[in-house]
Amino acid sequence: MGYDLYQGNSFQVLEEEFEENSIHAVVTDPPYGVVEFQTANVEKMREGSGGVWRIPPELDGNKRKPLPRFTTLSESDKEDLRNFFRQFGESVERVLRPGGHVFVACTQLLMHEVSQQLDEAGLERRDVLVRETKTLRGGDRPKGAHERYDMVSSMPRVYWEPWLLYRKPLEGRLQDNLDNWQTGGLRRESDERPFTDLLGNGKTPKEETQIVKNSHPGGEEEAEAHPNLKPQKLMRELCHAALPLREGTILDPFMGSGSTIAAAHALGYDAVGIELDETFFEMAQNAIPKLAEVPTEIEKRDDVEEHRTQSRSLSDFGK
Ligand SMILES: C[S@@+](CC[C@H](N)C(=O)[O-])C[C@H]1O[C@@H](n2cnc3c(N)ncnc32)[C@H](O)[C@@H]1O
């Protein structure tokens, strides 16, 4: 039970380091707009001066997280996005075992583009999970005419986040695939309740954001959390569902500050994380062990407690 972290371009790392059919599930939050994590835009975000990042106004003296503005993508940015997600789909399709699931955080505006590329890469669409979460995206009055059109919003205020659920096609029936590859289904929450597609998980708790801030390699002066840090409760719920028999390795090819890897580790699962940006990579290295210690209700489930105890006793014996 452990995790391996790689710094680099995930497409290259997957091609060079991973065999076909070696990964059981992918749980990831990719750079949806592609451009927002290019060096120039990351620098602008870190300086707080815009670019593709919208820096929301401070409310009650509280600094808010930057949000990427996907409405600014040009036709050629969208073409880059399609190529990026086609490459993502093909890379994960190769390394996944038959029946391996792929959970992909997405955004309302680009969900159709991402889905089309995953379909064309040979993955099969299974569902769209709804994570209830209030963001500051949308809901604005017309720019420059707030007073004249005080009862008009340009688009809805966003209160949910879509997670696309895909699967590499099964080999044979589900039971054959489970026998041969330990993948194909989703782990139930309990005997009575299956995993559901409504994830009522809310915001990332301040304690978790603080852990990531404190993990910044630049120390207190530069301490800035990753703008897309996901909550442990949500990530543990997804990692739990991703391994139907509690066996195997979970991959996050865009790990950011490491929330997926921490969640898998907290459940006693093996994980692989890949991150391009050096600062985020170092943040993840420092943050993962601490995020994995954050208590949530998921690890109180009977099957999770049992699995954690078993994996701990194996690692005690150095296996
Ligand atoms: C949306 S963030 C993930 C945040 C993560 N969910 C967390 O909780 O911290 C996407 C990450 O993918 C990284 N990234 C972008 N392109 C990449 C690539 N080709 N290979 C690996 N990482 C990449 C970005 O630097 C960014 O940190």
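Modeller: Let's start with terms: axes are lines fitted to C-alpha atoms, for helices over the stretch in contact, and angles run from 0 to 180 degrees between N-to-C directions. Helices are DSSP runs of H or I with at least four residues, numbered from the N terminus. This is a predicted model, where local features need pLDDT of at least 70, side-chain atom pairs count only at pLDDT 80 or more, and totals for chains, interfaces and linings use all residues. Residues are numbered from 1 along each chain as its sequence is written, and side-chain values use heavy atoms, leaving out hydrogens and water.

Biologist: How should I read a pair of packed helices?

Modeller: Two packed helices are described by the angle between their axes and the distance between the axes. Here, α7 (residues 232-242) and α8 (residues 259-266) cross at roughly 65 degrees, and their axes come within 8 Å.

Biologist: Which residues of α7 and α8 meet?

Modeller: With contact meaning heavy atoms within 4.5 Å, Gln 232, Met 235, Arg 236 and Cys 239 of α7 touch Ser 259, Thr 260, Ala 262, Ala 263, Ala 264 and Ala 266 of α8. That contact has six nonpolar, three polar and one charged residue.

Biologist: At what angle do α6 and α9 pack?

Modeller: About 140 degrees, with the axes of α6 (residues 206-214) and α9 (residues 278-292) 8 Å apart. Glu 208, Ile 211 and Val 212 of α6 make this contact with Met 283, Ala 287, Lys 290 and Leu 291 of α9.

Biologist: And the ligand: which residues come nearest?

Modeller: A residue is near if one of its heavy atoms lies within 4 Å. Of the 21 residues around the ligand, Asp 29, His 226, Ser 257, Ser 259 and Glu 275 come nearest.

Conventions: Helix = DSSP H or I, 4+ residues; strand = E, 2+ residues; numbered from the N terminus. Nonpolar A, V, L, I, M, F, W, Y, C, P; charged D, E, K, R; others polar.
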